[in-house]
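Here's a quick briefing on the model you have open.

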Amino acid sequence: MKRIILPPCLFALTVVSAYAQGGWVTDSKTECKVWDPAPDPSQSITWSGKCENGIANGEGVVTWYGKNNEILTTLKGVLQEGRCQGECLMNIGNGANAFRYTGEMEDNERDGFGVFIWPIMEPLL
């Protein structure tokens, strides 16, 4: 019998995606809303694309920021009704420790073919 071992971060993303209650988050400058599968009140966002009826629509970039205004995640793609649909690029983290997902998404969730690229990490001793 073969065992599949998921990297901890992939397992955590899967668990969060499966059990989180989603909600709308609002760009404070544009007042445009984006759907977030796991909203955190300590985070903020910006949206660079069009806003129709107060909701992000069209091609653009959503950036999530942490408490100290550090970039947590960027999501580039086409949003429909505030959710990424189709081919998207997601960078999670910032700098040398960031990892990337390029692939298909539906309603801001990975769906279909996609590729994760993890940063090179040193082994723990």
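Start with Cys32: this residue is buried, and its relative accessible area comes out at 0%. Keep in mind that we're looking at a predicted model. Cys32 is bonded to Cys51 through a disulfide, and a search of the whole structure turns up 2 disulfides.

**The Cys32–Cys51 link**

- The S to S distance between Cys32 and Cys51 is 2.4 Å, which counts as a disulfide because the cut-off is within 2.5 Å.
- This link is right-handed, with 110 degrees about the S-S bond.
- What does the pair tie together? Cys32 sits in the loop between strand E1 (23-26) and strand E2 (33-36), while Cys51 belongs to strand E4 (residues 51-52), so the bond connects parts that are 19 residues apart in sequence.
- The two ends have their own burial classes: Cys32 is buried at 0%, whereas Cys51 is partly exposed at 35% relative accessibility.

**The Cys84–Cys88 link**

- Cys84 and Cys88 are joined by a disulfide with an S to S distance of 1.9 Å.
- Here the link is left-handed, at -100 degrees about the S-S bond.
- Buried or exposed? Cys84 is buried, with a relative accessible area of 0%, and Cys88 is buried too, at 3%.
- Counting bonded cysteines along the chain, the disulfide pattern reads 1-2, 3-4.

- You'll find Thr74 in strand E7 (residues 71-80).
- Thr74 has a relative accessible area of 19%, so it falls in the buried class, which is set at under 20%.
- Which residues does Thr74 touch, once neighbours within four places in sequence are set aside? Its contacts are Val61, Val62, Thr63, Leu89, Met90 and Asn91.

**The nonpolar core**

- The largest nonpolar core is made up of 18 residues.
- Inside that core, the residues with the most contacts are Val34, Trp47, Val62, Leu75, Leu79 and Met105.
- Two or more residues each come from strand E3 (44-47), strand E6 (58-65), E7, strand E8 (83-92) and strand E9 (99-106).
- Which element gives the largest share? That's E8, with 4 residues.
- Val62 turns up in two places in this briefing: it is in contact with Thr74, and it is listed among the core residues with the most contacts.

Conventions. Residues are numbered from 1 along each chain as its sequence is written. This is a predicted model: local features need pLDDT of at least 70, side-chain atom pairs count only at pLDDT 80 or more; totals for chains, interfaces and linings use all residues. Side-chain values use heavy atoms; hydrogens and water are left out. Buried means under 20% relative accessible area, exposed over 50%, partly exposed in between (1.4 Å probe, protein chains only). Contact means heavy atoms within 4.5 Å. A nonpolar core is a set of buried Ala, Val, Leu, Ile, Met, Phe, Trp, Tyr and Cys residues joined through side-chain atoms within 4.5 Å.
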